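Here are my notes for your first look. Keep the viewer open as you read.

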Amino acid sequence: MDSLTSTANAKKTDGTPLSRETLTITDNRTGKSYEVPITHGTIRAMDLRQIKTDPSDFGMMSYDPAFNNTAACISRITYIDGDKGILRYRGYPIEELAEKSTYLETAFLLLHGELPNEKQLKDWAWHIGHHTFIHESIKKFLDGFHYDAHPMGMMISTIAALSTFYHDAKDILSEESRQKQTYRLIGKMPTIAAFAYRHTLGMPFVYPDNELSYPGNLLNMLFRTTETRYRPNPTLERALDILFILHADHEQNCSTNVIRGVGSSHVDPYSATAAAIAALYGPLHGGANEEVLRMLLEIGSVQKVPDFIKRVKAGETKLMGFGHRVYKNYDPRARIIKRVAYEVFELMGKNPLLEIALECERIALEDEYFVKRKLYPNVDFYTGLIYQSMGFPMTMFPVLFAIPRTSGWIAQWQEMLLDPEQKIARPRQIYLGSGARDYVPIEKRS
Ligand code: CMC
C-alpha cells in the first residue's frame, strides 16, 4: 500500500479493526493498491494523481463532464438535500425565511453568516438604499439599446459597464472595497432592471425612492406613472419579497459556478457578476421561467396538454419548469411559490394559464416517464404565472431572478476569494485530438 499504511491495520483495544475513513483502490493495470483518505464522504481528486503505470505517467484523473459528482468547493452558505427536498440558507429552513424574513435581511444572512440585529439591519438597509442611484452616463448607455432589446442582454452589459465607473472594485482583496461593491451591486440591480424595462416601453426613467422597501422601490421604478408618490400594493410587495428570498441563493448552480470560476481570475465583481447573469439567462437555468410561459401559451388549452406531454415523452421538446440536477423530489421553493401564486391571483384575478399548468403538473406527477426520472416542478414552473399576473412582461422574468440572486452570487464569490484552498479555476481535459503532425501548405491541401 502506498499511502497511509500506518493507519491501515489499526485495531481497537478489543482487537476489532478501527473503522477507517479511507478508500482502498486497486489498479488492475499494475496490481498496486492505494489507500486514500475520505473526508466528508469525499476523496480528493489530487490523491488519484499518485496512481501511475510507470514514473513517466502523468497520473490518474477523474472525468466528470458537467460536474455531476464533483464538489468544487467547501461552502457554509446554502445547504440542499435534493432527495428530501430541503433548502436552508446558513442553516435556516427556506420555509421559515419565506414566512418571517425579508429579502434584505436574508441577503445580510447570506453575506454575513448570521441574521442581523436591529441596528445591523437598519445600517444594512441604509447602505443599500444609498447606493441605488446610477451614474447619469449609464442612462445614456441604456438609451443606445434597440427598443426591443432583451432586458437580460441589457443587464449583462450594464452591470459589466459598472466596472468602468468604479475603479476601486479591482481591489478585491480589500474587505472595505468588497463591502462597497456589495452595497452598490445589490442597490443598483433593481434600478438598472427598471431602467432597462422603461427603456423598452419608451417611458421616462423613475428614480429610486429610498422611503420604500427593496421590492416596493423596484415596483415604483417599474410601474410609476403620474402619481406624485408611488404606493406599492402590500400584497404584491410582499409576494415579490418572498420570491426574492426564494431566489437569493442555491449553492453551486450554473451561474454560481460561473461567478466562482470567473472571480477566481481576480477580476472585479461587476465583470464576474455580468458573467453570472449571462449564465442565468440560459433557458435551462434562470431563463426557464420565461420559457414556461411561452410553453403554456403554445399549449393553449387544458385539452391539448396530453398531446404536449406525448411530445415531451417522445423527446421532441421539454416540459419547461420541470426537473432539476439536485432535487429529485418536489423543489421546496415551488411549493411556497404555488401558495404565493394563489395570494396574487386572489388580488389580480386568476391567470388563465393556471389551469394548463396544473394539468401539466397533474399528468406529469402520475406519468411513468416523469416518475421514473424523478422530474418534479422546479422554482420556475409557477413564478412566470405570478409575474405575469403582476403585470411583468415575459422578458423581465429572468431579470426578476437575477436581482435577488446577486446577494447569493456575491456571498459565494467572497467565500471563494477568502478560501485559502481556492486558486484560479482550471479544469483538466482528456485530449483525444490529432497527434503531432507537420503543417501542410495551402496548395497541397485537398
Ligand atoms: N422535460 C422532459 N424530460 C426531462 C426534463 C424536462 N424538463 N428534464 C430532464 N428530463 C429527462 C432527460 O431527458 C433525461 O432523460 P433520459 O434519462 O431518458 O436521457 C433525464 O430526464 C435526466 O435529465 P438530465 O438532462 O440528465 O438532467 P440534468 O440534471 O442534466 O438537467 C435540468 C437538469 C434542470 C437542466 C433539466 O431538468 C431541464 O432541462 N429542465 C427544464 C429547464 C428548467 O426548468 N430549468 C430550470 C431549473 S431550476 C432553476 C434554476 O436554478 O436554474
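1. A word on the source. This is a predicted model, in which local features need pLDDT of at least 70, side-chain atom pairs count only at pLDDT 80 or more, and totals for chains, interfaces and linings use all residues. Residues are numbered from 1 along each chain as its sequence is written, and side-chain values use heavy atoms, with hydrogens and water left out.

2. Now the polar contacts (pairs of N or O atoms within 3.5 Å). Gly321 places a backbone N or O atom 2.8 Å from a ligand oxygen atom. The side chain of Tyr369 has an N or O atom 3.0 Å from a ligand nitrogen atom. For Asn378, a side-chain N or O atom is 2.9 Å from a ligand oxygen atom. The ligand on its own has 940 Å² of accessible area (Shrake-Rupley method, 1.4 Å probe). The protein covers 71% of that area.

3. Next, helices H13 (residues 305-313) and H15 (residues 354-366). Their axes come within 10 Å and cross at roughly 50°. H13 and H15 are therefore oblique to each other (under 35 degrees is roughly parallel, over 145 roughly antiparallel, 65 to 115 roughly perpendicular, the rest oblique).

4. Finally, helices H14 (residues 332-348) and H17 (residues 380-390) pack at about 20°, with axes 9 Å apart. H14 and H17 are therefore roughly parallel.

Key: Polar contact = N/O pair within 3.5 Å; in protein donor to acceptor, adjacent residues only side chain to side chain. Axes fitted to C-alpha atoms, helices over the stretch in contact; angles between N-to-C directions. Helix = DSSP H or I, 4+ residues; strand = E, 2+ residues; numbered from the N terminus.
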